[in-house]
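Please open the model in your viewer and keep a selection tool at hand. The tour below moves from one selection to the next and says what is found at each stop.

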Amino acid sequence: MRITIVPASPKTGQAAIRSLLADPSGPTVRGVYRDLAKVPAEFKSNPRFEAVQGNVDELSTLEFSGSDAVLNITPPLYDDETDVVAHARMVSENVKTAIQKAGSVKRLVYLSSVGAQYDHGIGEILSNHEAEVVLRDAAPEVVFVRCSYFMENWAMCLETIQQAGFFYTTLTPLDHALPMIAVQDIGATCAAELLATGSTSPLPSGSPYIFELHGPRAYTSADVQRAFEEAAGKKLEMRPVERDGLGDFYAAVFPPGVAKLFAEMNASYLEGGILYEDPEPTGEIRYGKTEFAEVVRQMLAA
(Lines give C-alpha, C1' and ligand atoms only; values in the text may rest on other atoms or scores of the structure.)
Protein backbone atom coordinates (compact mmCIF):
# COMPACT_ATOMS: atom_id res chain seq x y z
CA MET A 1 0.00 0.00 0.00
CA ARG A 2 1.18 3.52 -0.80
CA ILE A 3 0.04 6.38 1.42
CA THR A 4 0.57 10.10 0.90
CA ILE A 5 0.66 12.69 3.71
CA VAL A 6 -0.05 16.26 2.63
CA PRO A 7 1.40 18.40 4.03
CA ALA A 8 3.85 16.20 5.93
CA SER A 9 5.65 18.83 8.02
CA PRO A 10 3.08 19.43 10.84
CA LYS A 11 3.67 17.47 14.04
CA THR A 12 0.46 15.52 13.42
CA GLY A 13 1.69 14.55 9.96
CA GLN A 14 5.03 13.45 11.40
CA ALA A 15 3.26 11.36 14.05
CA ALA A 16 1.17 9.63 11.39
CA ILE A 17 4.27 8.91 9.29
CA ARG A 18 6.05 7.50 12.32
CA SER A 19 3.16 5.14 13.03
CA LEU A 20 2.89 4.05 9.41
CA LEU A 21 6.60 3.28 9.08
CA ALA A 22 6.44 1.23 12.30
CA ASP A 23 3.47 -0.82 11.11
CA PRO A 24 4.27 -4.48 10.34
CA SER A 25 2.24 -4.36 7.12
CA GLY A 26 5.07 -2.29 5.62
CA PRO A 27 3.29 0.47 3.67
CA THR A 28 5.30 2.89 1.58
CA VAL A 29 4.82 6.50 2.60
CA ARG A 30 5.15 9.67 0.54
CA GLY A 31 5.45 12.97 2.39
CA VAL A 32 4.68 16.24 0.60
CA TYR A 33 6.84 19.15 1.75
CA ARG A 34 6.97 22.76 0.66
CA ASP A 35 10.60 22.81 1.83
CA LEU A 36 12.52 19.53 1.52
CA ALA A 37 15.04 20.82 4.05
CA LYS A 38 12.39 20.16 6.71
CA VAL A 39 12.30 16.40 6.13
CA PRO A 40 13.35 14.71 9.41
CA ALA A 41 16.49 12.59 9.22
CA GLU A 42 14.62 9.63 10.76
CA PHE A 43 12.35 9.54 7.70
CA LYS A 44 15.06 10.14 5.10
CA SER A 45 16.90 7.03 6.22
CA ASN A 46 13.87 4.76 5.85
CA PRO A 47 13.72 2.96 2.49
CA ARG A 48 9.89 2.93 2.58
CA PHE A 49 9.68 6.72 2.80
CA GLU A 50 9.79 9.20 -0.09
CA ALA A 51 9.82 12.99 0.30
CA VAL A 52 8.48 15.05 -2.58
CA GLN A 53 8.19 18.78 -3.03
CA GLY A 54 4.69 20.19 -3.19
CA ASN A 55 2.47 22.96 -1.90
CA VAL A 56 -1.27 22.71 -1.23
CA ASP A 57 -1.51 26.34 -2.39
CA GLU A 58 -0.46 25.28 -5.89
CA LEU A 59 -2.47 22.51 -7.58
CA SER A 60 0.19 21.92 -10.23
CA THR A 61 2.65 20.73 -7.54
CA LEU A 62 0.34 18.03 -6.14
CA GLU A 63 0.80 14.55 -7.59
CA PHE A 64 -0.93 11.61 -5.90
CA SER A 65 -0.74 9.02 -8.70
CA GLY A 66 -0.22 5.53 -7.36
CA SER A 67 -1.41 6.44 -3.87
CA ASP A 68 -4.05 4.24 -2.28
CA ALA A 69 -4.83 6.65 0.54
CA VAL A 70 -4.16 10.29 1.44
CA LEU A 71 -3.98 12.05 4.80
CA ASN A 72 -4.74 15.75 4.49
CA ILE A 73 -4.10 18.46 7.09
CA THR A 74 -5.17 22.09 6.64
CA PRO A 75 -2.10 24.24 7.40
CA PRO A 76 -2.72 27.03 9.95
CA LEU A 77 -2.41 30.70 9.00
CA TYR A 78 -1.12 33.39 11.33
CA ASP A 79 -1.38 36.57 9.26
CA ASP A 80 -4.17 39.00 8.46
CA GLU A 81 -3.39 39.14 4.76
CA THR A 82 -5.26 35.93 3.92
CA ASP A 83 -8.89 35.02 4.54
CA VAL A 84 -8.64 31.83 6.63
CA VAL A 85 -11.91 30.35 5.38
CA ALA A 86 -11.29 31.21 1.73
CA HIS A 87 -7.78 29.77 1.97
CA ALA A 88 -9.07 26.53 3.52
CA ARG A 89 -11.57 26.25 0.69
CA MET A 90 -8.90 26.83 -1.93
CA VAL A 91 -6.33 24.35 -0.60
CA SER A 92 -9.05 21.74 -0.04
CA GLU A 93 -10.24 22.13 -3.63
CA ASN A 94 -6.63 21.63 -4.75
CA VAL A 95 -6.28 18.43 -2.73
CA LYS A 96 -9.65 17.15 -3.95
CA THR A 97 -8.78 17.82 -7.58
CA ALA A 98 -5.37 16.14 -7.22
CA ILE A 99 -6.99 13.08 -5.60
CA GLN A 100 -9.57 12.72 -8.34
CA LYS A 101 -6.99 13.33 -11.06
CA ALA A 102 -4.77 10.56 -9.66
CA GLY A 103 -7.52 7.98 -10.08
CA SER A 104 -5.90 5.54 -7.64
CA VAL A 105 -6.87 7.05 -4.28
CA LYS A 106 -9.49 4.94 -2.52
CA ARG A 107 -9.58 6.75 0.83
CA LEU A 108 -9.05 10.28 2.10
CA VAL A 109 -8.50 10.81 5.83
CA TYR A 110 -8.90 14.45 6.83
CA LEU A 111 -7.53 15.69 10.16
CA SER A 112 -10.35 17.91 11.42
CA SER A 113 -11.49 19.41 14.72
CA VAL A 114 -14.33 19.05 17.16
CA GLY A 115 -16.90 21.66 16.24
CA ALA A 116 -16.27 21.43 12.50
CA GLN A 117 -19.96 20.60 11.97
CA TYR A 118 -20.81 24.26 12.72
CA ASP A 119 -20.51 27.25 10.38
CA HIS A 120 -20.52 29.90 13.11
CA GLY A 121 -19.28 30.60 16.62
CA ILE A 122 -16.15 28.47 16.35
CA GLY A 123 -13.47 30.94 15.23
CA GLU A 124 -10.41 29.33 13.66
CA ILE A 125 -12.21 25.97 13.44
CA LEU A 126 -14.15 27.48 10.53
CA SER A 127 -11.19 26.44 8.36
CA ASN A 128 -11.90 22.80 9.25
CA HIS A 129 -15.62 23.26 8.61
CA GLU A 130 -14.92 24.64 5.15
CA ALA A 131 -12.48 21.83 4.37
CA GLU A 132 -15.05 19.20 5.39
CA VAL A 133 -17.64 20.77 3.08
CA VAL A 134 -15.24 20.55 0.13
CA LEU A 135 -13.69 17.14 0.88
CA ARG A 136 -16.78 15.11 1.82
CA ASP A 137 -16.89 13.47 -1.63
CA ALA A 138 -13.21 13.74 -2.61
CA ALA A 139 -12.68 9.95 -2.69
CA PRO A 140 -14.79 6.77 -2.58
CA GLU A 141 -14.01 6.51 1.15
CA VAL A 142 -13.73 9.68 3.24
CA VAL A 143 -12.96 9.79 6.96
CA PHE A 144 -13.09 12.95 9.10
CA VAL A 145 -11.15 12.66 12.39
CA ARG A 146 -12.44 15.49 14.60
CA CYS A 147 -9.75 15.98 17.22
CA SER A 148 -10.24 17.62 20.59
CA TYR A 149 -7.87 20.23 22.02
CA PHE A 150 -4.22 19.27 21.40
CA MET A 151 -2.33 18.59 24.63
CA GLU A 152 0.77 19.99 22.92
CA ASN A 153 -0.91 23.41 22.67
CA TRP A 154 0.19 23.92 26.28
CA ALA A 155 3.79 24.13 25.03
CA MET A 156 3.14 27.88 24.72
CA CYS A 157 3.45 27.95 28.53
CA LEU A 158 6.99 26.60 28.62
CA GLU A 159 8.80 29.94 28.32
CA THR A 160 7.12 31.59 31.31
CA ILE A 161 7.23 28.37 33.34
CA GLN A 162 10.97 27.99 32.85
CA GLN A 163 11.85 31.67 33.15
CA ALA A 164 9.37 33.06 35.66
CA GLY A 165 7.58 30.16 37.36
CA PHE A 166 4.06 30.89 36.11
CA PHE A 167 1.75 30.15 33.20
CA TYR A 168 -1.45 31.56 31.73
CA THR A 169 -4.57 29.45 31.25
CA THR A 170 -7.52 30.34 29.05
CA LEU A 171 -9.49 27.32 30.30
CA THR A 172 -11.88 28.83 32.84
CA PRO A 173 -13.34 28.37 35.35
CA LEU A 174 -10.40 26.42 36.69
CA ASP A 175 -12.53 23.36 37.40
CA HIS A 176 -14.00 23.24 33.87
CA ALA A 177 -12.85 19.99 32.22
CA LEU A 178 -12.00 19.88 28.53
CA PRO A 179 -11.27 16.84 26.32
CA MET A 180 -7.64 16.87 25.15
CA ILE A 181 -5.67 14.57 22.86
CA ALA A 182 -1.95 13.89 22.37
CA VAL A 183 -0.38 14.32 18.94
CA GLN A 184 1.09 10.80 19.04
CA ASP A 185 -2.42 9.38 19.52
CA ILE A 186 -3.69 11.49 16.62
CA GLY A 187 -0.94 10.09 14.42
CA ALA A 188 -1.65 6.51 15.45
CA THR A 189 -5.39 6.91 14.85
CA CYS A 190 -4.96 8.48 11.43
CA ALA A 191 -2.45 5.78 10.47
CA ALA A 192 -4.94 3.06 11.44
CA GLU A 193 -7.65 4.68 9.33
CA LEU A 194 -5.31 4.97 6.35
CA LEU A 195 -4.25 1.33 6.65
CA ALA A 196 -7.92 0.27 6.69
CA THR A 197 -8.38 1.56 3.13
CA GLY A 198 -10.45 -0.77 1.00
CA SER A 199 -11.02 -3.24 3.82
CA THR A 200 -13.80 -5.78 3.42
CA SER A 201 -15.87 -4.00 6.06
CA PRO A 202 -17.49 -0.81 4.75
CA LEU A 203 -17.23 2.45 6.67
CA PRO A 204 -19.54 2.06 9.73
CA SER A 205 -21.82 4.97 8.88
CA GLY A 206 -21.16 5.44 5.19
CA SER A 207 -18.96 8.11 3.65
CA PRO A 208 -17.95 10.48 5.06
CA TYR A 209 -17.34 8.50 8.23
CA ILE A 210 -16.93 10.96 11.12
CA PHE A 211 -15.79 10.50 14.72
CA GLU A 212 -14.31 12.62 17.50
CA LEU A 213 -10.95 11.80 19.05
CA HIS A 214 -10.43 12.54 22.75
CA GLY A 215 -7.72 11.65 25.22
CA PRO A 216 -8.24 9.09 27.99
CA ARG A 217 -10.12 11.71 30.04
CA ALA A 218 -10.94 15.42 30.16
CA TYR A 219 -8.62 17.80 32.02
CA THR A 220 -9.10 20.99 34.02
CA SER A 221 -6.67 23.88 34.44
CA ALA A 222 -5.95 22.48 37.90
CA ASP A 223 -4.93 19.17 36.27
CA VAL A 224 -2.64 21.09 33.92
CA GLN A 225 -1.03 22.94 36.83
CA ARG A 226 -0.50 19.70 38.73
CA ALA A 227 1.14 17.99 35.73
CA PHE A 228 3.52 20.89 35.09
CA GLU A 229 4.46 21.14 38.78
CA GLU A 230 5.20 17.43 39.03
CA ALA A 231 7.30 17.46 35.85
CA ALA A 232 9.15 20.69 36.72
CA GLY A 233 9.64 19.71 40.36
CA LYS A 234 8.47 23.07 41.69
CA LYS A 235 5.37 25.09 42.53
CA LEU A 236 3.97 27.18 39.70
CA GLU A 237 1.64 30.15 39.68
CA MET A 238 -1.41 29.83 37.41
CA ARG A 239 -2.79 33.05 35.94
CA PRO A 240 -6.33 32.65 34.56
CA VAL A 241 -7.42 34.61 31.48
CA GLU A 242 -11.16 35.12 31.87
CA ARG A 243 -13.54 34.94 28.92
CA ASP A 244 -13.82 38.73 28.59
CA GLY A 245 -10.03 39.02 28.43
CA LEU A 246 -9.46 36.52 25.60
CA GLY A 247 -9.39 39.18 22.89
CA ASP A 248 -6.60 41.16 24.55
CA PHE A 249 -4.70 37.99 25.44
CA TYR A 250 -4.54 36.70 21.87
CA ALA A 251 -3.98 40.21 20.46
CA ALA A 252 -0.66 40.25 22.30
CA VAL A 253 0.44 37.20 20.29
CA PHE A 254 -1.31 37.37 16.89
CA PRO A 255 -2.36 40.03 14.36
CA PRO A 256 -5.87 41.44 15.06
CA GLY A 257 -7.83 39.24 12.64
CA VAL A 258 -6.11 36.05 13.74
CA ALA A 259 -6.47 37.02 17.41
CA LYS A 260 -10.23 37.46 16.94
CA LEU A 261 -10.55 33.97 15.45
CA PHE A 262 -8.55 32.35 18.26
CA ALA A 263 -10.50 34.22 20.93
CA GLU A 264 -13.79 33.05 19.41
CA MET A 265 -12.51 29.48 19.13
CA ASN A 266 -11.41 29.54 22.78
CA ALA A 267 -14.75 30.99 23.89
CA SER A 268 -16.64 28.31 21.95
CA TYR A 269 -15.79 25.61 24.51
CA LEU A 270 -16.34 27.79 27.61
CA GLU A 271 -19.72 28.31 29.27
CA GLY A 272 -22.04 30.04 26.82
CA GLY A 273 -20.08 28.83 23.78
CA ILE A 274 -21.52 26.56 21.12
CA LEU A 275 -19.24 23.63 22.00
CA TYR A 276 -20.04 23.93 25.71
CA GLU A 277 -23.62 22.84 25.00
CA ASP A 278 -22.83 21.17 21.63
CA PRO A 279 -26.40 21.01 20.26
CA GLU A 280 -25.37 18.75 17.35
CA PRO A 281 -22.69 16.38 18.72
CA THR A 282 -20.75 14.23 16.28
CA GLY A 283 -21.86 10.99 17.88
CA GLU A 284 -19.05 8.45 17.97
CA ILE A 285 -16.11 9.26 20.24
CA ARG A 286 -12.82 7.37 20.31
CA TYR A 287 -10.19 7.73 23.00
CA GLY A 288 -6.41 7.92 22.91
CA LYS A 289 -4.19 6.35 25.56
CA THR A 290 -1.65 9.08 26.32
CA GLU A 291 -2.13 10.99 29.59
CA PHE A 292 -1.43 14.71 29.75
CA ALA A 293 1.32 14.22 32.35
CA GLU A 294 3.29 12.11 29.86
CA VAL A 295 3.06 14.84 27.19
CA VAL A 296 4.22 17.46 29.72
CA ARG A 297 7.26 15.37 30.63
CA GLN A 298 8.13 15.06 26.94
CA MET A 299 7.77 18.81 26.39
CA LEU A 300 9.99 19.72 29.34
CA ALA A 301 12.62 17.16 28.31
CA ALA A 302 12.84 18.46 24.74
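What follows is a sequence of selections, each with a description of what is there.

The model is a predicted one, in which local features need a pLDDT of at least 70 and side-chain atom pairs count only at pLDDT 80 or more, while totals for chains, interfaces and linings use all residues. Residues are numbered from 1 along each chain as its sequence is written, and side-chain values use heavy atoms, with hydrogens and water left out.

**The annotated span**

Select residues 9-152, which UniProt lists in an unreviewed entry as "domain: NAD(P)-binding"; the positions follow the numbering used here, the feature name is shortened, and such annotations may be inferred rather than shown by experiment. Helices (H or I, at least four residues) and strands (E, at least two) are DSSP runs, numbered from the N terminus.

Next, select strand β1 (residues 2-6) together with β2, to which it is joined by four bridges in a parallel arrangement; two strands pair if DSSP finds at least two bridges between them. Ile 3 has Val 29 of β2 as its bridge partner. Strand β2 (residues 28-33) has five of its six residues buried, so it is largely enclosed by the rest of the structure; here buried means under 20% relative accessible area, exposed over 50%, and partly exposed in between, with a 1.4 Å probe and protein chains only.

Helix α1 (residues 11-22) comes next, and its twelve residues reach 17 Å from the first C-alpha to the last, close to the 16 Å expected at 1.5 Å a residue; the expected span is 1.5 Å times one less than the number of residues. Among the buried residues of α1 are Thr 12, Gly 13, Ile 17 and Leu 21.

**Around β10**

Now colour strand β10 (residues 209-214), five of whose six residues are buried. Strand β6 (residues 141-147) runs parallel to β10 and is joined to it by five bridges, with Val 145 opposite Phe 211. Three bridges join β10 to strand β13 (residues 285-287), also in parallel, and here His 214 has Tyr 287 as its bridge partner. Show the side chain of Arg 286 as well, since its charged end sits over the ring of Phe 211, 3.9 Å from the centre; a charge sits over a ring if NZ of Lys or CZ of Arg is within 6 Å of the ring centre and within 35 degrees of the ring normal.

**Two cysteines**

The structure holds zero disulfides, a disulfide being a pair of cysteine sulfur atoms within 2.5 Å. Cys 147 is buried at 1% relative accessible area, and Cys 190 is buried at 2%.

**The three-stranded sheet**

Select β7, β9 and β11, which form an open sheet in the order β7-β9-β11 with mixed pairing. Its edge strands are β7 (149-150) and β11 (218-219), each of which pairs on one side only. Two bridges join β7 to the parallel strand β9 (residues 178-181), and Phe 150 stands opposite Ile 181. In the loop between β8 (166-169) and β9 lies Pro 173, and the peptide bond from Thr 172 to Pro 173 is cis, with omega near -10 degrees.

**Aromatic rings**

The structure holds 18 aromatic pairs; rings of Phe, Tyr and Trp (its six-membered ring) pair if their centres lie within 6.5 Å, with planes under 30 degrees apart counted as stacked, over 60 as edge-to-face and the rest as tilted. Tyr 219 and Phe 292 have ring centres 5.8 Å apart and planes at 50 degrees, so the pair is tilted. This pair links distant parts of the chain, with Tyr 219 in strand β11 and Phe 292 in helix α11 (residues 292-301), 73 residues apart, and both residues are buried.

Finally, select Tyr 78, Phe 166, Tyr 168, Phe 249, Tyr 250, Phe 254 and Phe 262, which ring pairs link into a cluster. Arg 239 lies over the face of Phe 166, at 3.6 Å from the ring centre.
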